[in-house]
Amino acid sequence: MITDRTSHAEARHDGQPSIAPYPAQSRPDPVTRAFVFLTERAVSLHAAALLRIGYGLLYLTFLLREFPHRDEIWGPDSPWTPDLARELSHQNGWFSLLTLSDDRAYFEACYILALLTSTVFMLGWHTRVASVLFALVVTSFHGRAVFMTDGGDNLIVLMAIYLTFTACGRRWSLDALRRRLRESAPGRPGPESTDPRSGPSWQQAKMLRSQLTALVHNCGMFVIAAQVCILYGAAGLYKVQGGMWRDGTALHYVLNLDLFQPWPTLSHLADAHDLLIAIAGYVTVLVQVAFPFALFSRLKYVLLGLLIGMHAGIAVLLGLPVFSGAMIVADAVFLPDHALLRFACVGRRAIQRHLTARERRDLPRPRTVTEPPRTP
Amino acid sequence: MSRSDHDATATGREERQATGGLLTAPLTASSAVHQIDDRTGSRRPLLSRSAGLLVASAVAVCVMVTVTHLVLLFLYVAPTNTISTQYEQQINAWIYPYFEQNWRLFAPDPQSAQQQVSARTARTAPDGSTQVSDWVDLTAVDDAAIKHDPFPSHTSQNMLRRAWSAYLESHGDSDTSHSERARMLQEYLLNIAAQRLAARGDRTFDAVQLRVITTSIGPAPAQVSGTRPAQTPSNTRYLPWWQVRSRDH
């Protein structure tokens with residue numbers, strides 16, 4: 001992610017010395033360059049947007065899925081009673097909105113708030129506020145039912161907290177759409193007009209703000225990337241210590257757990273192939289251990305593909321869609337913006353083609369907008 | 001940081017801008033107008049001295065926080081080592097509660113046994129006699145709910161499973177709760193059983209007992225010479241009768 005952009009930028013810089021305002025030999029020292037890199041521009045804005053959309057959508061889906069069970073998991077009638085949750089919060093210092101009151105109406109209001117927040121966050125509307133609210137909602141729900149969570153929920157909590165620091169609403173969001181509309185609106189005073197906003201102190205404040213935003217965003221994205229590396233590295237290293245992963249039978253045991261067997265026929269079918277089980281187990285460990293080291297080369301695309309395939313398999317075979325979804329979305333942090341833009345472009349073109357085709361079908365006779373409206 | 005640092009920042013910015021629109025859509029306030037200005041050589045306003053200092057100190061703080069977070073996170077997540085033992089207090093103070101995490105997913109070894117939790121109820125009649133119900137297999141209910149569901153609920157997949165593993169972790173082989181946490185987890189397990197039994201229509205009981213049968217998953221067919229053992233070893237643990245408060249059901 002980050003490495004790609006740096007090398008790209010520097011390569012171009014070296015290639016075009018004539019445009020630079022000063023000769024290449026007076027290039028600033030590495031500390032200054034790092035300083036500039038951190039404050040100058042926010043990196044991987046599209047990846048940040050993808051994380052926002054992914055986690056917002058995932059949590060929304062999760063909340064809707066558990067809607068019939070909401071009381072049992074987070075409500076006043078949960079076996080993990082509000083008193084127990086409060087006691088635990090008191091012990092570990094975890095804040096949860098849900099333990100503030102035992103009233104049913106309050107709980108339902110919190111649930112509606114959670115649904116709305118996830119939607120608004122996913123769409124990127126007033127994203128900074130929405131991201132803080134989203135983190136508050138996710139941590140509140142997690143802290144209320146911590147003994148019912150798994151690794152996927154844990155990752156969503158971490159990512160929700162980290163995303164509040166990023167400028168994840170700059171791309172592919174309602175905020176971006178609104179900004180574009182405002183900028184293209186006619187009659188708006190330009191930056192050179194006599195608007196008080198173009199005064200020097202306003203310019204200073206604007207620059208300061210953009211530099212600080214970029215700085216915090218870059219640190220946030222770096223932490224997200226490092227968190228994913230730590231996750232995979234640790235998962236791999238712990239597996240190396242296990243005898244079952246070494247002798248290649250680990251997946252046999254995983255596939256035979258009844259609670260992770262939504263499709264028993266499929267699980268037994270996979271389990272019947274010892275060789276396949278052993279290879280898949282070894283590939284899992286190797287990919288996880290190698291992941292942090294492969295990020296600086298093109299090999300990362302191969303590993304990302306393998307990891308996404310592995311998690312898609314987990315989602316179906318073990319019945320863990322939220323967990324797998326959280327992992328797949330986390331992997332997106334390593335996709336450089338130019339690749340994401342290319343995907344988006346291809347997608348948009350496909351949609352456009354589809355829409356034009358449908359329009360042609362729906363409207364056999366062409367109509368023009370200049371046609372005067374018919375009045376009776 | 002000094003004046004020169006902040007000047008360097010500003011010039012650095014111009015350098016990036018001057019190399020053209022090579023960076024896709026910078027976040028900074030640079031509109032197309034600004035970029036054209038820079039190309040033609042006009043200078044953008046620099047940050048004032050105080051603003052530059054603010055940015056410099058913000059960079060220092062952010063970098064420090066980021067590095068600290070990642071180092072402590074690594075030490076927390078990695079297997080216990082001499083450093084993490086020595087600085088355990090500082091690590092825990094930083095990590096808990098919000099950054100707590102555990103990535104031992106099916107590791108070091110996946111579970112090679114599975115638990116089947118059953119429950120039964122007892123009711124004392126006014127004449128003093130006690131009626132005990134049949135065992136209800138709570139795990140089987142969860143298994144049935146998960147079967148053929150592409151998106152199983154946490155209530156079937158995690159609730160009882162994690163409640164039992166947390167109970168086991170806090171109690172070990174004894175059924176006496178020696179810590180606050182152990183008592184809370186015992187209450188949780190009891191509440192789950194009582195609610196599920198009550199949901200089945202059995203609403204007038206005074207006590208609940210749990211039975212946990214642990215069955216190991218047999219080795220892979222290829223590992224077994226000859227035929228697979230007909231019966232895999234299992235053991236049964238009976239928990240004590242727990243009195244139920246009236247509001248539980």
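**Note on the A–B contact and local features**

1. The contact draws 87 residues from chain A and 83 residues from chain B; two residues are in contact if their C-beta atoms, placed from the backbone, lie within 7 Å. On the side of chain B that touches chain A, the elements giving two or more residues are helix H1 (3-18), helix H3 (49-77), helix H6 (138-146), helix H7 (154-171) and helix H8 (180-199) of chain B. Helices (H or I, at least four residues) and strands (E, at least two) are DSSP runs, numbered from the N terminus. H3(B) gives the most to this side, with twelve residues.

2. This is a predicted model, in which local features need pLDDT of at least 70, side-chain atom pairs count only at pLDDT 80 or more, and totals for chains, interfaces and linings use all residues. Residues are numbered from 1 along each chain as its sequence is written, while chains are lettered from A and ligands numbered from 1 in the order in which they are written.

3. In chain A, the axes of helix H6 (residues 104-123) and helix H7 (residues 127-144) come within 9 Å and cross at roughly 135°. Axes are lines fitted to C-alpha atoms, for helices over the stretch in contact, and angles run from 0 to 180 degrees between N-to-C directions. H6(A) and H7(A) are therefore oblique to each other (under 35 degrees is roughly parallel, over 145 roughly antiparallel, 65 to 115 roughly perpendicular, the rest oblique). Residues making the contact include Leu113(A) and Phe121(A) of H6(A), and Phe134(A) and Phe141(A) of H7(A).

4. The loop between H6 and H7 of chain A holds His126(A). Phi of His126(A) is near 50°, a positive value in a residue other than glycine. His126(A) is partly exposed, with 16 other C-beta atoms within 10 Å; a residue is buried if 20 or more other C-beta atoms lie within 10 Å of its own, exposed if 12 or fewer, and partly exposed in between, with C-beta atoms placed from the backbone.

5. Ser44(A) also has a positive phi, near 50°, and is a residue other than glycine. Its place is in the loop between helix H2 (30-40) and helix H3 (45-65) of chain A. Ser44(A) is buried, with 29 other C-beta atoms within 10 Å.

6. Chain B has a cis peptide bond between Tyr96(B) and Pro97(B), with omega about -5°. Pro97(B) is in the loop between helix H5 (88-95) and strand E1 (113-124) of chain B. The peptide bond from Ala107(B) to Pro108(B) is cis, with omega near -10°, and Pro108(B) is in the loop between H5 and E1 of chain B.
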